[in-house]
Amino acid sequence: NGKITQHLHLLGDNSEAENITVTKDFRRVENAYHMEAEVCITFTEFGKMQNICNFLVEKLDSSVVISPPQFYHTPGSVENLRRQACLVAVENAWRKAQEVCNLVGQTLGKPLLIKEEETKEWEGQIDDHQSSRLSSSLTVQQKIKSATIHAASKVFLTFEQLLEPFFNIPTNSFSQIAISPVNYHESHIK
């Protein structure tokens with residue numbers, strides 16, 4: 001416990017106190033005491049986590065065990081992903097309508113209707129051969145891939161056209177983007 005926090009300060013890690021949890025367990029074993037401490041650190045940057053873990057493995061003795069990382073998403077990050085997918089789909093639809101108007105020498109007006117028709121999300125999958133293995137035997141990259149959340153949004157927009165005679169240009173757009181649990185953003189846009 002003390003060794004780990006001391007090394008974190010030596011590294012200049014500015015982890016806030018709420019991101020570090022220390023649990024201590026004292027037991028009597030025959031005529032002696034046995035203490036086991038667990039230090040849990042929550043990281044938001046994967047590279048920083050890797051650097052600190054590698055440093056601790058090099059500097060601390062074999063009595064210190066560093067567990068493999070566990071990945072998760074905060075509730076707000078999933079909601080942000082949904083919102084981002086919708087905004088990208090609207091932007092793609094606007095760009096598509098703008099290109100059509102430019103092609104035919106017209107001017108695109110304001111949107112008359114913006115409707116999100118479909119939204120969906122799913123966690124990344126690893127292939128069947130890999131999924132047959134125990135999750136504990138997956139590589140870090142495979143764990144990141146399987147914990148990555150993808151979101152898709154399909155929108156429908158209708159714009160006014162600024163030229164006589166007046167008519168509407170309906171546009172569909174589909175956007176699919178993904179976030180992984182380590183703030184690595186991967187975008188898939190269709």
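**Entry 1: Val100.** I looked up Val100 and found it in helix H3, which covers residues 75-103. I am working with a predicted model. Val100 is partly exposed, with a relative accessible area of 40%. I then saw that Val100, Leu103 and Val104 form a nonpolar surface patch, with about 310 Å² of accessible area together.

Entry 2: The core has 10 residues in all, among them Cys86, Ala97, Leu108 and Phe159. I noted a general point: in soluble globular proteins, nonpolar side chains tend to be buried together.

**Entry 3: salt bridges.** I looked up the salt bridges and found six in the structure. Glu79 pairs with Arg82, their closest N and O atoms being 2.6 Å apart. Glu79 also pairs with Arg83, at 3.7 Å; these two are four residues apart in helix H3, about one turn. Next I followed Arg82 to Glu121, where the N to O distance is 2.5 Å. Arg82 lies in H3 and Glu121 in strand S3 (residues 108-123), so this pair ties together parts 39 residues apart in sequence. I could then draw Glu79, Arg82, Arg83 and Glu121 as one linked network of salt bridges.

**Entry 4: confidence.** I checked the pLDDT: the chain has a mean of 76, and 70% of its residues reach 70 or more. Among the elements, H3 has the highest mean (90), and strand S6 (residues 185-188) the lowest (34). Over residues 180-190 the pLDDT is below 50.

How values were computed. Residues are numbered from 1 along each chain as its sequence is written. This is a predicted model: local features need pLDDT of at least 70, side-chain atom pairs count only at pLDDT 80 or more; totals for chains, interfaces and linings use all residues. Side-chain values use heavy atoms; hydrogens and water are left out. Patches are made of residues with over 30% relative accessible area and no salt bridge: like charges are joined within 9 Å, nonpolar side chains (Val, Leu, Ile, Met, Phe, Trp, Tyr) within 5 Å. Accessible areas come from the Shrake-Rupley method with a 1.4 Å probe; for residues, only the protein chains shown count as cover. A salt bridge is a side-chain nitrogen of Lys or Arg within 4 Å of a carboxyl oxygen of Asp or Glu. Buried means under 20% relative accessible area, exposed over 50%, partly exposed in between (1.4 Å probe, protein chains only). pLDDT is the predictor's confidence in each residue, from 0 to 100. Contact means heavy atoms within 4.5 Å. A nonpolar core is a set of buried Ala, Val, Leu, Ile, Met, Phe, Trp, Tyr and Cys residues joined through side-chain atoms within 4.5 Å.
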